[in-house]
Amino acid sequence: MKLGNAMITQDIADASGKTYDFVIIGGGTAGLTLAARLSEDLSLTVAVLEAGNNTIDDALTAIPARYGGTSSTNFLAWSLPPAVDIDAFERLGNPGWNWDEFFRYSKKIEKFQATVEQPSSSEDRGITSGAVCITLPPHAHPLDAILQATFVNRGVKALDDPYKGDVNGTWVASSTIDPKTWTRSSAATAYLVPAQDRPNLTVFTQAFVSRIIFADGHCIEGLTATGVEFVRCGSKHILNARREVILSAGTIINPQILELSGIGRRDVLSRISVEVKLELPGVGENLQEHNVAIVTYELDPAANHQAFDLLQHPEDVNGSAQIKTSIAGGLRTRLSSYTYIPLVEVKTPDADDLLAKIEKEIGEYKNTSGIVPGLQEQLDIQLDILRSNASPDFEFAAIRTQGATTLRTALTLTHDISKKTPHPPDLELLVQGVKYIRSVAETEPLKSALVGGDLKPGPQGMSNEAIREYVKNTHITAGHALGTCSMLPRDRQGVVDPHLKVYGTKNLRVVDLSIIPLQIAAHTQAAAYVIGEKGVYHLSVCNWRKED
């Protein structure tokens with residue numbers, strides 16, 4: 001899939017000092033979505049500064065092999081959050097950021113394509129004209145079918161359509177794969193490649209942004225961004241911005257760039273000897289992630305389940321290219337079976353007592369002297385979620401590894417209370433989740449597919465205290481970090497307003513997952529696309545272009 005011109009380039013010799021209408025920092029999911037849509041107007045020039053390399057033709061990202069973060073290396077899961085999670089954004093002071101709007105934009109992105117092997121059709125979903133190819137797995141892996149049947153036997157409902165605001169239940173997710181080629185559909189292939197012949201769009205790779213440049217003095221509308229300084233091969237360069245600078249560098253890098261540019265907490269900027277241009281205490285705060293605990297089992301070796309880790313090494317790429325085109329290839333898609341349940345349905349012996357304990361602890365925490373502004377409102381919403389079944393508190397998914405002999409059941413906490421530091425209720429919730437997985441493993445038909453009890457935590461990890469230690473020592477995060485440039489009122493630790501503009505600036509926006517103020521019960525890929533598309537709308541509000 002070679003690009004037809006030099007739109008993706010490492011050559012900045014002729015570009016250094018050049019002026020573009022929009023300079024976008026970061027060529028990830030939201031950034032490329034925004035760049036491609038803005039450049040549809042050929043009267044506008046758009047530059048993207050991307051720290052990484054061009055990986056469009058890399059087999060390791062094209063096929064469903066490795067996984068991590070971003071739409072080029074993730075689990076391919078296309079999942080939308082529960083309606084109540086998105087409505088919480090509006091509840092926190094962001095008009096227009098609600099489920100109805102989110103769902104409308106998700107339909108604009110999605111290009112659902114059925115396959116010969118599965119009975120669903122594009123018309124069933126009613127979504128055929130978007131940019132990102134979406135399809136259902138062509139077949140159910142036997143182990144996925146076993147897991148879903150087991151959860152149903154545990155009283156979990158089988159959900160036919162998890163894309164209308166209710167995700168509670170056990171269901172099969174669509175994947176971001178083009179079923180015509182069985183290659184990954186990412187922001188690069190869905191948005192950037194179709195724009196490859198536009199003379200007004202350029203993507204610079206290996207460009208490490210060091211700071212945003214502002215005009216001297218303050219205008220009545222705030223700081224004015226005039227360009228971006230970046231480093232390549234040890235040399236500094238500048239791209240000038242005529243209209244706007246847009247940060248899409250991700251949850252970790254966005255606050256770093258803002259702070260290096262003089263925007264952030266005064267105490268932080270003082271420690272790194274950066275002059276304060278704009279004091280904005282919310283920068284880098286409100287970090288949230290999905291915490292994951294793993295419970296491991298041995299599978300019956302006679303079943304010969306295919307394992308995902310077959311495709312985790314570069315030497316396997318050629319073989320995986322053959323697997324993905326094979327009709328019998330169970331590795332053409334990644335994880336497809338998910339189960340979401342709220343705490344009220346876990347029904348472990350301690351679950352009811354835990355809810356009361358968490359309510360008491362959070363109530364006391366809310367009344368702590370000096371609590372961060374705005375945190376009380378967030379905690380109120382999280383307590384509402386814990387008390388109800390409108391949004392799940394746990395996600396369960398299974399990964400087959402180590403030559404198909406091991407089942408790793410991933411338990412993900414979907415609404416972590418912890419921010420930058422661990423909070424005790426999250427640990428207790430994970431403990432209950434581990435105990436729930438064990439009860440599922442004792443339920444047919446999964447029980448007959450396993451050999452004995454869990455290997456990890458194992459028999460030594462039966463007590464609550466032992467499970468706590470196991471979770472503390474082994475838990476991981478899901479690569480779903482968000483919140484460090486939160487879309488909240490400024491006096492509530494907000495960094496951007498509902499139009500995604502950084503408070504106190506005239507023409508600097510943040511457009512990616514870092515603006516989400518409260519964690520969502522979903523894999524975050526779809527949300528990143530929605531934010532990119534909605535960012536285009538908020539630019540159109542300024543009458544620079546019209547939305548389709």
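## Overall architecture

What share of the contacts in the protein with a separation of 6 or more is accounted for by residues 24 or more positions apart? In this predicted model, such residues account for 72% of those contacts. The protein has 548 residues, and 58% of them count as buried. Its secondary structure consists of 17 helices and 22 strands.

The accessible surface of the protein amounts to about 21600 Å². Carbon and sulfur atoms hold 52% of that surface.

In soluble globular proteins, nonpolar side chains tend to be buried together. The largest nonpolar core here contains 94 residues, and the members touching the most others are Leu49, Phe204, Ile212, Leu239 and Ile263. Helix H17, spanning residues 525-540, gives the most to this core, with eight residues. Apart from this core lies another one of 43 residues, including Ile341, Val346, Val434 and Ala441.

## Helix H9 and its cover

Helix H9 covers residues 253-260, and its buried residues are Asn254, Pro255, Ile257, Leu258 and Glu259. The cover over these buried residues includes strands S2 (19-25), S12 (208-214), S14 (235-247), S15 (263-264) and S22 (508-510), as well as helix H10 (266-271).

Just after H9, Gly262 adopts a positive phi of about 95 degrees.

Rolling a probe the size of a water molecule over the atoms shows where empty space is left.

Which residues lie nearest the centre of the largest cavity? They are Leu147, Phe151, Phe396, Ala398 and Thr409, out of a lining of 14 residues. At least two lining residues come from each of helix H7 (142-153), strand S18 (337-341), strand S19 (394-401) and helix H14 (424-441). By residue class, the lining of the largest cavity holds eleven nonpolar residues, three polar residues and no charged ones.

Notes: Residues are numbered from 1 along each chain as its sequence is written. This is a predicted model: local features need pLDDT of at least 70, side-chain atom pairs count only at pLDDT 80 or more; totals for chains, interfaces and linings use all residues. Side-chain values use heavy atoms; hydrogens and water are left out. A nonpolar core is a set of buried Ala, Val, Leu, Ile, Met, Phe, Trp, Tyr and Cys residues joined through side-chain atoms within 4.5 Å. Buried means under 20% relative accessible area, exposed over 50%, partly exposed in between (1.4 Å probe, protein chains only). Helices (H or I, at least four residues) and strands (E, at least two) are DSSP runs, numbered from the N terminus. On a 1 Å grid over the protein atoms alone, a cavity is a set of points where a 1.4 Å probe fits but cannot get out, and a pocket is an open set with protein on both sides within 12 Å along at least five of seven lines; lining residues have an atom within 4 Å of a point. Ala, Val, Leu, Ile, Met, Phe, Trp, Tyr, Cys and Pro count as nonpolar, Asp, Glu, Lys and Arg as charged, and the others, Gly among them, as polar. Contact means heavy atoms within 4.5 Å. Accessible areas come from the Shrake-Rupley method with a 1.4 Å probe; for residues, only the protein chains shown count as cover.
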